[in-house]
Amino acid sequence: DRARLKLDAMRARGRVEEGRIELDEGAIEKPALALTPALLGFLAPGAEQPAAARAPASFVQSLSIGRLTCDNLVLSSTGFSPGNIAGVVLPDVEVEASYEMTDFQWSAGGAVVPGAQRLSLEFLELKPSAGAGRITCRAVTLALPPPRAGHWMIGDILLREPEIVWTPELR
């Protein structure tokens, strides 16, 4: 399987107390994730995982993040054609990005409460897993303010040098 996760460096400032993780500030540098159907099938809810891979239900009760940045992220996915092990059909994707998130909250048994998010893609390429066509952009910037009444709204979006070669396979 071609799945991989790589982190060059990670810094965090916060505290862990009795099942609560409070991250005031965090930074992840040069992460890379190559997503494959086998990895997604393993991580999906209901996938059978070895007992050693499961955390006890009471291990983490809440998580709060004041600010998290992720610089020079490389994300790719391949092999999500019809009939793959994960049961999800996705285009082949490769993207280089930076990400920032603020004011994230989660608690066991509760809903995720995300804050503002900003995603800057340095290069985006989408291709169908089989067939022709592609969508490329030199740069994409997407800003999401915190959701209102449970609904996400795009604050800003900027596409720089988009090129679209549309085919039925891209649907």
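This is a predicted model: local features need pLDDT of at least 70, side-chain atom pairs count only at pLDDT 80 or more; totals for chains, interfaces and linings use all residues.
Student: Why is Leu7 called partly exposed, and where does Leu7 lie?

Tutor: Partly exposed is the class between buried (under 20% relative accessible area) and exposed (over 50%). Leu7 has 41% relative accessibility and therefore counts as partly exposed. Leu7 is placed in the loop between β1 (4-6) and β2 (9-17); strands are DSSP runs of E with at least two residues.

Student: How do you know that Glu25 and Arg13 form a salt bridge?

Tutor: The term requires a side-chain nitrogen of Lys or Arg within 4 Å of a carboxyl oxygen of Asp or Glu. The closest N and O atoms of Glu25 and Arg13 are 3.1 Å apart, so the pair qualifies. This pair links distant parts of the chain, with Glu25 in strand β3 (residues 20-29) and Arg13 in strand β2, 12 residues apart. Glu25 is partly exposed at 35%, as is Arg13 at 48%.

Student: Which residues are linked in a network of salt bridges?

Tutor: The network consists of Arg13, Arg15, Glu17, Arg20, Glu22, Asp24, Glu25, Arg67 and Glu100. Among its pairs, Arg15 meets Glu22 with the closest N and O atoms 3.0 Å apart, and Glu17 meets Arg20 at 2.9 Å, N to O. Relative accessibility is 36% for Arg15 and 24% for Glu22, and both are partly exposed. Glu17, at 39%, and Arg20, at 33%, are likewise partly exposed. Over the whole structure, 11 salt bridges are found.

Student: What is noted about the phi of Glu18, and is Glu18 buried or exposed?

Tutor: Glu18 has a positive phi of about 40°, although this residue is not a glycine. Glu18 belongs to the loop between β2 and β3. Its relative accessible area is 80%, so Glu18 is exposed. Asn72, which is not a glycine either, has a positive phi of about 60°. Asn72 lies in strand β5 (residues 62-77) and is partly exposed at 48%.

Student: What makes a space a pocket, and which residues line the largest pocket?

Tutor: On a 1 Å grid, a pocket is an open set of points where a 1.4 Å probe fits, with protein on both sides within 12 Å along at least five of seven lines; lining residues have an atom within 4 Å of a point. The largest pocket holds about 200 Å³ of space. Its lining consists of Pro82, Val89, Leu90, Pro91, Leu126, Pro128, Ser129, Ala130, Ile135, Glu169, Leu170 and Arg171.

Student: How many residues of each class does that lining have?

Tutor: The lining has 9 nonpolar, 1 polar and 2 charged residues. Asp, Glu, Lys and Arg count as charged, so Glu169 and Arg171 belong to that class.

Conventions. Residues are numbered from 1 along each chain as its sequence is written. Side-chain values use heavy atoms; hydrogens and water are left out. Grid points are joined across faces, edges and corners, and a volume is the space filled by probe spheres set on the points. Helices (H or I, at least four residues) and strands (E, at least two) are DSSP runs, numbered from the N terminus. Buried means under 20% relative accessible area, exposed over 50%, partly exposed in between (1.4 Å probe, protein chains only).
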